[in-house]
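Good morning. I will take a few minutes to go through one structure, part by part. Please have a look at it before I start.

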Amino acid sequence: MLSARVYIPPCSLRTRSLVYHLRFLSSAGPSRSPNYLKCKAITYTSTGPASDVLKCTSFPSIISPPPPGTLNIRYLLSPINPADLNVIEGVYPSKPSPIGPSETGLHDPIFVGGNEGLGSVVEVGENVTGIKKGDWVIMVKPQLGTWISRRNVKIGDVLRVPKEIAEGRVNEVEAATMSVNPPTAYGMLTGFVSLKQGEYVMQNGANSAVGQAVIQIASHLGLKTINFVRSRPEAAMKPLKDYLMSLGATHVYTYDDLSDNSLDLRGKAREWAGKTGIRLGLNCIGGKETTIMAKLLGHNAHLVSYGAMSKQPLSLPTSLFIFKNLTSRGYWQTRWYADHSTEEREDMIRMLIGLMVNGKLKAPEVEIISLEGSEDKIGNKVRDAVKKLEQGGLGKKLLLKFEGGVDL
């Protein structure tokens, strides 16, 4: 007989959970009867602009104790990345799985936003090794839905943040933002061209989180960078330029500078890069600015695209392919995780933590959105924050933090 402590959603439970609990109850004493614990999450039921469709929803999320091979985690911080907004708009190739009424007790299926996050392990299921209560974990399964106070995850969906390296030397913000942007930067810098110390890398979107990671990791590797950012008033431009230079940028220009013939950036690029030329360009913007930037590349160069923030198509002159032998490629961190083993993923995270510990890589400037109170209050706060991000020029990475501990 089920304990009175068990919460049963209005609709039937999914088969897997029901089977697990029937087995659990047949072998466990009353003191260990499972609980269905509620959570709060930032959700949507249909695609569209995030500032229009997002809301806060409460529903039963996890089962305590967790099923075998799984963990119950509490999210400490969950970033909002530009790609997350594209997913919500319905224009991103990686799609989240809906959570149906049979699991939530709600009328319609819902989607939980978020792809990246830092979780603290609250409970560990049977047959889980290498992770224990209190450990930090980051997400490697795409579109897991991290804008949530807590949830149950499979052991293969996460990577443990090695405390033996990170404890006391890597903070929550650094850990929460390490699984997407820094690996993307490192993968692009090392995966396409074998660059030698002293060579140049060129990028747009240099003040983005990935752009800042590119500057720092390139500097660590002994590479120089030419960085392009959106034009802004001088009162805002100078502090941004100074900040990027403090991270290790070699040169910082605006997109308008690309079209300013008086600056002769093409001549400067040839002078700086020498006979070798610039062999690697990184693009997250698209549009005409990238077309012009690509003309600064040398022979046998690679242009690697990892975003399209302008939402404009990337058009490259045929002459660049014929006469300069340009190679245009794409990079997607989700694909890298899918193509590499757990050991390779762990090695990469250890390498990035090592850079953080040694002061070679720091997280971008962030704004933490503290979420507490009613669903309406939380929903309004998130929509307002996302609207600023949609308008562009925020200059900070937004992170969501559900307050109130484990039980909400």
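Predicted model: local features only at pLDDT ≥ 70, side-chain atom pairs only at ≥ 80, totals over all residues.

Now the helix itself. α8 runs over residues 209-220, which makes twelve residues. From the first C-alpha to the last, α8 reaches 17 Å, close to the 16 Å expected at 1.5 Å a residue.

Is α8 mostly covered or mostly open? Mostly covered: ten of its twelve residues are buried. Among them are Ala-209, Val-210 and Gly-211 at one end of the list, and Ile-217 and Ala-218 at the other. Two glutamines, Gln-212 and Gln-216, are also on that list of buried residues. As a reminder for those new to helices, an α-helix has 3.6 residues a turn, so residues three or four places apart point the same way.

Next, the sheet. There is an open sheet of six strands, and its order is β11-β10-β9-β12-β13-β14, with parallel pairing. β11 (251-254) and β14 (327-330) are the edge strands, each pairing on one side only. From one strand to the next, the twist averages 20°.

One pair within that order can be followed by residue. Strand β9 (residues 200-203) pairs with strand β12 (residues 280-283) in the parallel sense, over three bridges. Val-201 has Leu-280 in β12 as its bridge partner.

Now to another strand, β16, residues 397-402. Which strands pair with β16, and in which sense? Strand β3 (residues 70-80) pairs with β16 in the antiparallel sense over three bridges. Strand β15 (residues 366-371) pairs with β16 in the parallel sense over six bridges. For individual residues, Ile-80 is bridged to Leu-398 of β16, and Ile-369 is bridged to Leu-400 of β16.

Last, the surface. Phe-321, Ile-322 and Phe-323 form a nonpolar patch there, and their accessible area together is about 340 Å². Phe-321 is found in helix α13, residues 318-323. Its relative accessible area is 34%, so Phe-321 counts as partly exposed. The cut-offs for that class are 20% and 50%.

That is the end of the tour. Thank you.

Notes: Residues numbered from 1 in each chain as written. Heavy atoms only, no water. Patch = residues over 30% accessible without salt bridge, like charges linked within 9 Å, V, L, I, M, F, W, Y side chains within 5 Å. Areas by Shrake-Rupley, 256 points an atom, 1.4 Å probe, with all protein chains shown as cover. Salt bridge = Lys/Arg side-chain N within 4 Å of Asp/Glu carboxyl O. Helix = DSSP H or I, 4+ residues; strand = E, 2+ residues; numbered from the N terminus. Buried < 20%, exposed > 50% of the residue type's maximum accessible area, 1.4 Å probe, protein only. Pairing = 2+ DSSP bridges. Axes fitted to C-alpha atoms, helices over the stretch in contact; angles between N-to-C directions. Expected span 1.5 Å × (residues − 1).
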